[in-house]
Amino acid sequence: MANNASVIIKLLVCFGLPLGILMLPIDAIPIDDLTLVQHRLLAIFLLAALLWVLEPVPVFATSILIIALELIMISDKGLTLFRHPPAGHDLGDLLSYTDIFSAFSSPIIILFMGGFALAIAASKYELDNNLARVLLRPFGNQPRFIMLGLMLITAVFSMFMSNTATTVMMLALLGPIVASAPKGDIGIKALVLCIPIAANTGGIATPIGTPPNAIALQYLTGDNAIDFLSWMMMGLPFVIIQLTIAWFLLQKLFPSTQKEMVLKLNGQFKTSWRAITVYATFAVTILLWMTTKLHGMNTYVVSIIPLAVFTLTGIMGKEELKQINWDVLWLVAGGIAIGIGLDRTGLASALAHAIDYESLSPVAVVVTLSVICWLMANFMSNTATANLLMPIAAAIGASMESLVAIGGLQGLLVVVAFSASLGMILPVSTPPNSLAYSTGLIESKDMAKTGIIIGIIGLLIVYAALFILT
C-alpha cells in the first residue's frame, strides 16, 4: 500500500505542473512571443523531465507517452481541436507527424542496435570474458582498481572515437565482472556508472572527442584559433581531475561489500568459424569507428555492418534478436522526439534567448550560458544544444570587449563546449547513459544523483580554471 501511495503522489506531482502550465495564459509565462505549440511542448517537456527523474512509471513508458502527446497535441495530423487555435492566438508551426515518428528510425537507434548486436554476439562466444581477462588483468582484484581500469580504458578510447561506440565495447566487459559479484552488492552500480561517466567526460580532452568541441572550433578562427595540442592542454587536465573526483565519488555513493573481486575470467578464445567471425567483425567495426575520416562512412553507417554479418551467418537468430533491449530503444526514441520538438518548434531557441545577456557582467554571461547549456544538454542531444547555443555565445563573445578579462571569445566557447559534455543526469541525456541503463543494474535515480554532483563539480572546476588562468 505504501508503495502504491508513493507512485500515486509522484504521478500527481508529475502531471500537476504540466497541466498547470497548459491552463496558464501564454502571456503569464515570462518568454516573449510564445506560440500555442511552444506552450504545449513546454508542458510536455516538463512532464517528461519529472517522469524521468521521479520514475513513477518505467522510463520507456514515459518516452512512449511523450511521443503520443507530441503526435496528438503538436503535430499536423493531431487532434483537430489542437490544430485550430482560439481567435487572437498564434498557433505556431505544427510538427510533421512523420518527423515525430522518425525518432524511432533515427540513425542513433541503428547505432544502438549495432551495439546490442556486438554485445550479444560477444557474450555468446565469450569474447567479453576474454577481452576482460586481457584488458583488466593489470588492475588487480580490488573493486576500486577494477573500476579505475574501466574508467581509464573508456576515457582513452572516447578521446579518439565515438563515446557511444566506446561504451558499447566497454559494457561488453561487464558481464563477467557482474557474474563475479555477490547478489545485492551495490558496488556493481559504481562499476556500471563509471563507464558512461568516463565516456562522456573523456571526449572533452580532444577536439575530435565529442561534437560540441568541434562545433566550438568552427567559431574559433584567426587570433582565437585553437590547435589540437592546445585543446588537449586544456581538456586533458580537466578530464584527469574530473575522473579522479568521479572515481572517489562512486566509491562513496556505492561502496562495494567485498575487498577483493575474484573475476571468473578463466578460459580461452574459441576457434570455431562463427567465433572467429565474431572476433573479426568486432575488431573491424571498432577499427571503422575509429577511422571514419579515412573511409567516409560515419559511425551510424558502420553500426549496421555487425547486424548484417551476424544475421546472415546465423550467429544471431530469432532468439538473439529478441535479446535486443527494445525498451531502451523506446527510451532513446523519446529523448530524440523531445529534441526534435524543441528544435523544430523554436522553443529551445526561445528559452535560450529569454535572458538579456547584454545587461549581465562578463562573469555572469559565462556562468549563465554554461549553466543553460548544461541544463539543456541533460534533456536533449549535447550536439543539438551546442549547435543552438554556440552561435549565441560566439556573437556575445565577439561583441563584449570586457570578456577579454576572463579569456575572451576563446574562454567563453571552451566553457560552453565543456558544459555541453557534462550533461549526464538522465538515461536519455546521452547514448552512453542509455546503454548503461539498458544493463538493468542501475536505476534512473542512481544516474540522477551522480550526474548532478559530477555536473556541478565539473562546472565549478571549469570556472575556477578560467578565472585562475586568465
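**Exercise 1. Find which element gives the largest share of the lining of the largest cavity, and how many residues that is.**

Solution. Start with the answer: α24 gives the largest share, 4 residues. Helices here are DSSP runs (H or I, at least four residues), numbered from the N terminus. Next, the terms: on a 1 Å grid over the protein atoms alone, a cavity is a set of points where a 1.4 Å probe fits but cannot get out, a pocket is an open set with protein on both sides within 12 Å along at least five of seven lines, and lining residues have an atom within 4 Å of a point.

A word on what you're looking at: this is a predicted model, where local features need pLDDT of at least 70 and side-chain atom pairs count only at pLDDT 80 or more, while totals for chains, interfaces and linings use all residues. Residues are numbered from 1 along each chain as its sequence is written, and side-chain values use heavy atoms, with hydrogens and water left out.

Now the lining itself: Leu 193, Pro 196, Ile 197, Met 424, Asn 433, Met 447, Thr 450, Gly 451 and Ile 454. Two elements give two or more residues to it, α11 (187-202) and α24 (444-469). The space inside is about 40 Å³, taking volume as the space filled by probe spheres set on grid points that are joined across faces, edges and corners.

**Exercise 2. Work out which helix gives the most to the lining of the largest pocket.**

Solution. First, the pocket holds about 1,400 Å³ of space. Of its 45 lining residues, the closest to the centre are Ile 108, Pro 211, Tyr 300, Ser 381 and Thr 383. Then look at the helices: α18 (residues 326-344) gives the most, with 7 residues. Finally, check that helix's length: its 19 residues reach 26 Å from first C-alpha to last, close to the 27 Å expected, where the expected span is 1.5 Å times one less than the number of residues.

**Exercise 3. Is Ala 275 buried or exposed?**

Solution. Locate Ala 275 in helix α14 (residues 273-290). Its relative accessible area is 0%, so Ala 275 is buried (buried is under 20%, exposed over 50%, partly exposed in between, with a 1.4 Å probe and protein chains only). Now look around: leaving out residues up to four places away in sequence, Ala 275 touches Tyr 125 and Lys 270, a contact being heavy atoms within 4.5 Å.
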